[in-house]
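Dear colleague,

I am passing on the structure below, together with some notes on what I found when going through it. Please read the notes with the structure open beside you.

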Amino acid sequence: MEKSKRTVSYEPKELISKDELTALQTRRMKNTLLRAYSFVPYYKKKWDEHGVHPDDFTFLEDIKKFPFTTKEDLRLNYPFGLFATPMSDIVRLHASSGTTGKPTVVGYTQNDINMWADLVARSIRLAGGHRGDILHVSYGYGLFTGGLGAHYGAERLGCTVVPASGGFTDKQVTLLNDFNANIIMVTPSYMLNIIEELENRGIDPRDTALEIGIFGAEPWSVEMKNKIEEKVGISAIDIYGLSEMMGPGVACESFEDRGDLYVWEDSFYPEIVDRDTFEPIEDGQEGELVFTTLTREALPIIRYRTKDLSTLYQGDLLNMRKMKRITGRTDDMMIIRGVNVFPSQIEEILLKIKALCPCYQLVITREHNMDDLSIDIEPNPNVNETEINSAVKTLKHKIKSGIGISVKVNVKPIGGIPRSQGKAQRVVDKRKK
């Protein structure tokens with residue numbers, strides 16, 4: 001199916017000059033600090049103990065005087081202790097899964113919901129989306145921010161929304177074929193499931209009406225991006241968000257300026273800090289992303305440590321900074337026999353080997369106080385045993401030479417790796433705690 005040519009349109013507030021942006025950020029930052037100090041007792045107590053006050057903020061660099069906020073702060077104040085508005089003004093709640101403890105809860109006023117919809121609409125437009133597009137949402141709906149965030153943003157832009165949510169892959173494929181969606185918003189790992197189901201039905205994924213895929217909610221390698229684009233014949237666009245800030249729509253890749261993501265700096269002020277010392281570092285250096293909300297009413301968050309690793313630098317199309325694709329998360333890092341390993345490093349190697357399928361899991365075990373890493377992987381269909389053995393040998397060699405660790409590789413039958421219904425579980429830790 002022939003894909004149409006896409007262009008991106010911009011609104012005046014996106015083309016703001018650097019000086020205008022700095023003035024806007026400074027004013028909004030001051031208001032956010034005053035709001036947090038005046039209406040959130042936890043912030044007031046923490047800042048008083050730290051010896052800082054909103055009056056100490058004059059210039060943007062003064063934000064470095066204020067202490068970080070972490071996920072633990074949100075858990076300590078579960079469920080509503082960090083809200084800056086009364087519950088009568090909260091129109092919606094979202095929350096994390098809480099698999100590693102109490103969930104982090106975020107609240108929204110109606111103004112917050114409106115701002116969120118505007119930012120996601122802006123992101124879809126930056127990705128090449130237009131009013132009148134049919135947009136298929138395969139992010140999960142519910143407490144997870146992905147589904148409803150994408151939904152409201154797409155409607156705000158003027159798209160026709162197909163609220164498919166996650167799971168029921170056979171039905172997703174039927175809807176994609178019958179409704180002829182131009183755009184899909186989904187996790188990259190679940191897109192692989194959709195591709196697999198299309199191929200199982202004898203449908204070439206390139207024959208769908210899809211032109212753009214907007215992928216987020218989990219780290220994904222450049223190799224994964226390239227594979228999806230090749231398989232489906234679409235532009236695979238990266239969108240970034242986190243529920244503590246808002247949800248999807250904090251930053252997005254441009255259809256016209258591919259590679260990295262523009263941060264919507266008029267609503268979120270980004271910093272990069274050293275991953276070990278947490279001291280601020282200059283643009284152009286990799287470290288941990290830190291964000292401060294500039295427009296949130298219900299939940300102002302000051303200097304939130306995301307644990308995502310990236311780099312900030314000045315963009316070309318807009319006067320807002322760009323962030324490099326997330327290379328990993330500090331809490332995703334595996335230490336295998338003294339070597340720091342990120343799942344994305346292994347994925348990048350694995351996906352370059354054509355005989356192997358993108359469906360995989362990394363399994364960590366421990367024996368005699370030593371950690372071992374094995375990779376459960378499926379071969380691609382119609383690959384013979386000789387090709388599989390050669391691919392396994394190549395995979396082991398490239399991981400050993402490129403990352404510095406030895407791994408075991410377990411080849412599973414096709415369908416033997418669990419398929420995700422949303423975010424993929426790439427790492428299975430079987431060590432006894």
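**What the model shows**

Among contacts in the protein (heavy atoms within 4.5 Å) between residues at least 6 apart in sequence, 66% join residues at least 24 apart. Please keep in mind that this is a predicted model, in which local features need pLDDT of at least 70 and side-chain atom pairs count only at pLDDT 80 or more, while totals for chains, interfaces and linings use all residues. Residues are numbered from 1 along each chain as its sequence is written, and side-chain values use heavy atoms, with hydrogens and water left out.

The secondary structure consists of ten helices and 21 strands, where helices (H or I, at least four residues) and strands (E, at least two) are DSSP runs numbered from the N terminus. The radius of gyration, taken over C-alpha atoms, is 22 Å, close to the 22 Å that the globule rule gives for 433 residues, so the protein is as compact as a globular protein of that length; the rule itself is 2.2 Å times the number of residues to the power 0.38. Of the 433 residues, 54% count as buried, and here buried means under 20% relative accessible area, exposed over 50%, and partly exposed in between (1.4 Å probe, protein chains only).

A residue to look at is R6, which lies in the segment before α1 (18-39) and counts as buried at 11% relative accessibility. Its side chain makes polar contacts with the side chains of D133, at 2.7 Å, and of E211, at 2.9 Å. A polar contact is a pair of N or O atoms within 3.5 Å; within protein, one must be able to donate a hydrogen and the other to accept it, and residues adjacent in sequence count only if both atoms are side-chain atoms. Leaving aside neighbours within four places in sequence, R6 is also in contact with other residues, including H130, N182 and F255.

Most residues other than glycine have a negative phi, and most peptide bonds are trans. The peptide bond from Y78 to P79, however, is cis, with omega near -5 degrees, and P79 is placed in the loop between α3 (71-76) and β1 (92-95). F168, in the loop between β4 (160-163) and α6 (169-179), has a positive phi near 50 degrees and is exposed, with a relative accessible area of 64%. N382, in the loop between β19 (370-379) and α10 (385-402), has a positive phi of about 65 degrees and counts as exposed at 82% relative accessibility.
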